[in-house]
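Here's a quick walk through a ligand site and a few backbone and ring details. Have the viewer open while you read.

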Amino acid sequence: MNLCDIDVIRTVLAKHGFHFSKSLGQNFLTDVSVPQRIAAMSGAAEAGGVVEVGPGMGCLTAELCRVAGRVVAVELDRALLPVLDETLAEFDNFEVVQGDVLALDLAALCKEKFGDGRVVACANLPYYITTPAITALLDSRAFDQITVMVQKEVAQRICAAPGTAAYSAFSIYVQYRAAAEILFDVPADCFVPRPKVDSAVLRLTPLAQPAVETQDEKLFFSLVRAAFNMRRKTLVNALGPVLGDRLGKDGIAALIESVGLDVRVRGERLSLADYARLADAAAAKLAQR
Ligand code: SAM
């Protein structure tokens, strides 16, 4: 059964009385080469496990079942469970867990299902949970590789370099924890219903150690968030809400200069290493007070 064939999709879904839910981000793939490529590049192996988020009617799941030892798919929509029973009946290495991926303890799920074995994550993510889902997958520290399809602009934002319009606090969050690369683009007409935006497949390879070393991770991220909350302002002004009451504007300016940055710089130009140096210098200054 070609689960990306539009006639198969319509027939199977009609048989089960299933209707697409926009609010659950249900856009199913209609080009079988896409799930095949994702599965081939996902790092899934015969000896390992896969956690898939949002199997839908199972087109990517089926390809993952062909290359992986065992696939556990987390699906929120109960209406898809009888559909998956039918479409994935030929695979005995598949299991569905009904639930919200954002409410699950992913590390505990991996431990329960795969023990200490190697596990990768894979998904055509529903658009409405892209950021929290990627955050949850990375925070779980349970995966050797995370391969997700997301809106193209989000993929570009995640991989963006300092000084570019796409660079954001989320770029820094992800790049702090993982090596990020775009594998390939997927146009909007590869889905039913057709979304308004194009997509891209993103590979995240979690790092054993964060990309940069910082004494105070909490302070590092609060500086990053403050800088991007007011990205059109200079860093001196943008850091006011976090450091102003303790260091004053002159103190913040001195801090920025002390790590070799121009006092007129904007936060969007700083690399992760710049933020790490800034956070460490700020922590040292705050400790003196
Ligand atoms: N994998 C299928 C494909 O590529 O055709 C479907 C992908 S569709 C973009 C997203 C899927 O995620 C849907 O099946 C939807 O029901 C499911 N989903 C939505 N929110 C979810 C959540 N919070 N937790 C788990 N699954 C969710």
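What follows starts at the ligand and then moves on to aromatic rings and backbone geometry.

Keep in mind that this is a predicted model.

**The ligand site**

The ligand has 23 residues around it, and the closest are Gln26, Glu75, Asp100, Asn124 and Tyr128. Sorted by class, that shell contains 12 nonpolar, seven polar and four charged residues.

How much of the ligand's accessible area does the protein cover? On its own the ligand has 600 Å² of accessible area, and the protein covers 99% of that. The space the ligand takes up is also the largest cavity.

**Aromatic rings**

Moving on to the rings, the structure has nine aromatic pairs. One of them is Phe170 with Tyr173, a stacked pair whose centres are 5.9 Å apart, with 10 degrees between the planes. The planes count as stacked because the cut-off is under 30 degrees. Both residues sit in helix α8 (residues 169-177), and because they are three residues apart there, about one helical turn separates Phe170 from Tyr173.

**Backbone details**

Two backbone spots deserve a look if you're checking torsions. Where is the cis peptide bond? You'll find one joining Val192 and Pro193, with omega at about -15 degrees. Pro193 belongs to the loop between β8 (191-192) and β9 (199-206).

The other spot is Arg141, which has a positive phi near 55 degrees despite being a residue other than glycine. Arg141 is in a loop too, the one running between α6 (130-139) and β6 (145-151).

How values were computed: Residues numbered from 1 in each chain as written. Predicted model: local features only at pLDDT ≥ 70, side-chain atom pairs only at ≥ 80, totals over all residues. Heavy atoms only, no water. Near = heavy atom within 4 Å. Areas by Shrake-Rupley, 256 points an atom, 1.4 Å probe, with all protein chains shown as cover. 1 Å grid on protein atoms, 1.4 Å probe; cavity = no way out; pocket = protein on both sides within 12 Å on 5 of 7 lines; lining within 4 Å. Sits in = over half its atoms within 2 Å of the grid points. Nonpolar A, V, L, I, M, F, W, Y, C, P; charged D, E, K, R; others polar. Phe/Tyr/Trp six-rings, centres within 6.5 Å; stacked < 30°, edge-to-face > 60°. Helix = DSSP H or I, 4+ residues; strand = E, 2+ residues; numbered from the N terminus.
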